[in-house]
Amino acid sequence: IRRQRQMCIRDRLGTVVIVNDYAYVNGGAGWVALSTAKALKKKGYRVILFSGVGPIDVGLVELGIEVVCLGISDILHEKNRLYAFCQGLWNKKAYNLFLNLLSALNNKETIIHFHSWSKSLSPSVLYATNKMGFHSVLTLHDFFLYCPNGGFFNYQKQKICSLNPLSLSCLVCNCDARSYSQKVWRCIRQFIQNRVVRKMNNLTCISISDLSSRIFNESDWHEKVSNIRINNPIETKFTTEYVSIEKNETYLFIARLSLEKGLDLFCDAISQLGLKGCVLGDGYLLESYRQKYPTIEFAGWVSGEDKKYYYQSAKAFIFTSRWYETFGLVVAEMKSYGIPCIVPDRCAASEQIEEGKTGYIFESGNLESLKECICKYEQTDIIKLQNNILDISTSQKYSMEEHIKVLLNVYEGILL
């Protein structure tokens, strides 16, 4: 029966349209979107990427993936602020082009898979999908489905926000990273987006962590939309060639260099403990922190083999994000190299750590708690921790092959 159903889905599913703000990898969610597109193409499906911001990833073109890219700026970098204001609420160009694309596809043989739309495409693409009667899947890489700033995070106070989204207390709270006027704009966008999503008849959401699932189930969305829990794939495969952590001295930090990612916690802890640290990533804090912490190496943005070079020098990975996160992709990646991790307790990444067995968990945002965990790690048999990772981690759990297999089963359930 299973084999017959798989044959049926292959016969019925003709096209997968991946919707992502960017046509290139700009972070973890972007990597998942584009890598999934490539994997589906290799499986023999027709894949179309619909995006707003270029340049187009060369790998997509080489595989023969059709790419529709608007060639616009995202709303943050659009010089005309009035245009950016309107574009973020309702991108008419994206709507018209997406409508045109969908009109040439069969809605009974096509799945529309949304990864991101808030940075350039706007809720208009969601509206177009419903208007044309397509079945769609939405991966919850962030919390924009609930929270105006997408993170349940008060940037002014640098702490997780517990207010009810779009309640009166939320509306009057200045939690935005830039200004209160920006917060008001985000609330307007949230209202428009939610109005569109509530009218979508054929929508399935994908949560990528237990925390993400819990937040979804505690919201009123679970009454309207079905939710499925699927692990994100990770960039590397589990191998027997693990990092020789016992020979290394460097504690590694990898993230966007902004306050909500807890860069200050990492730098303060490493500096105060007199340890060796390395920061991989780019962002507005790069130059100021490079000057403030001269004993820490700031390598900037690295990828590919360059990134693996730094992995090989890591003694441990420290993840200091102050907000929830929806998964913590880099933690899973570090574990695939056999690198133990130290993570905050209120972050989704803590689901991947067994305290004292595969890493340590500290109190979110607490410098002293982080330092205490690092000191514990310094006194721990780290080879034993690495061996525990070897015993617990499997290539199947986070492999792209497994991700695509589960994803196709989701598509199957939607189309059959």
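Predicted model: local features only at pLDDT ≥ 70, side-chain atom pairs only at ≥ 80, totals over all residues.
Figure 1. Ser313 is found in the loop that lies between helix α12 and strand β13. When residues up to four places away in sequence are not counted, Ser313 touches Asn248, Glu249 and Thr250. A polar atom of the Ser313 side chain also lies 2.8 Å from the backbone oxygen of Tyr310. Cys147 is 166 residues from Ser313 along the chain, and the C-alpha atoms of these two residues are separated by 38 Å.

**Figure 2. The open sheet of 6 strands that includes β13 and β14.** The strands follow one another in the order β12-β11-β10-β13-β14-β15, and their pairing is parallel. At the edges stand β12 (297-300) and β15 (359-362), each of which pairs on one side only. Neighbouring strands of this sheet are turned against each other by 20° on average, with direction ignored. Two helices that lie across strands of the sheet can be followed in this view. Helix α12, made of residues 304-311, lies across β10 (250-254), β11 (276-280), β12 and β13, and it runs at about 140° to β10. Helix α14, made of residues 367-378, lies across β10, β13, β14 and β15, and it runs at about 165° to β15.

**Figure 3. Strand β14 and its pairing with β13.** Strand β13 (residues 314-318) runs parallel to β14, and the two strands are joined by 2 bridges. Phe317 has Cys341 of β14 as its bridge partner, while Ile318 stands opposite Ile342 of the strand β14. Within β14, which spans residues 341-344, Cys341 and Val343 point one way, whereas Ile342 and Pro344 point the other way, and all of these residues are buried.

Figure 4. Strand β5 (residues 135-139) pairs with strand β8 (residues 203-207) in the parallel sense over 4 bridges, and Thr139 stands opposite Ile206 in β8.

**Figure 5. Ser51 in strand β2.** Ser51 lies in strand β2, which comprises residues 46-51, and this residue counts as buried because its relative accessibility is 0%. Leaving aside its neighbours within four places in sequence, Ser51 is in contact with Asn20, Asp21, Tyr22 and Ala23, with Val67, Val68, Cys69 and Leu70, and with Leu121.

**Figure 6. The packing of helix α2 against helix α17.** Helix α2 (residues 28-42) and helix α17 (residues 400-415) pack at an angle of about 80°, and their axes are 11 Å apart. Because of this angle, α2 is roughly perpendicular to α17. On the side of α2, the contact is made by Trp31, Ser35, Thr36, Ala39 and Leu40, and on the side of α17 by Met400, His403, Ile404, Leu407, Leu408 and Tyr411. Sorted by class, the contact of α2 with α17 has 8 nonpolar residues, 3 polar residues and no charged residues.

Figure 7. Helix α4 covers residues 81-89, and its buried residues are Ala84, Gln87, Gly88 and Leu89. Among the elements that cover these buried residues of α4 is α8 (180-198). The N-terminal end of α4 is capped by Asn80, of which a side-chain oxygen lies 3.2 Å from the backbone nitrogen of Leu82. Arg186 has its place in helix α8, and with a relative accessible area of 12% this residue is buried. The C-alpha atoms of Arg186 and Leu89 are separated by 8.7 Å, although the two residues are 97 residues apart along the chain. Leaving aside its neighbours within four places in sequence, Arg186 is in contact with Phe144, Pro148, Asn149, Asp176 and Arg178.

Definitions and conventions
Residues numbered from 1 in each chain as written. Heavy atoms only, no water. Buried < 20%, exposed > 50% of the residue type's maximum accessible area, 1.4 Å probe, protein only. Contact = heavy atoms within 4.5 Å. Polar contact = N/O pair within 3.5 Å; in protein donor to acceptor, adjacent residues only side chain to side chain. Axes fitted to C-alpha atoms, helices over the stretch in contact; angles between N-to-C directions. Parallel < 35°, antiparallel > 145°, perpendicular 65-115°, else oblique. Nonpolar A, V, L, I, M, F, W, Y, C, P; charged D, E, K, R; others polar. Pairing = 2+ DSSP bridges.
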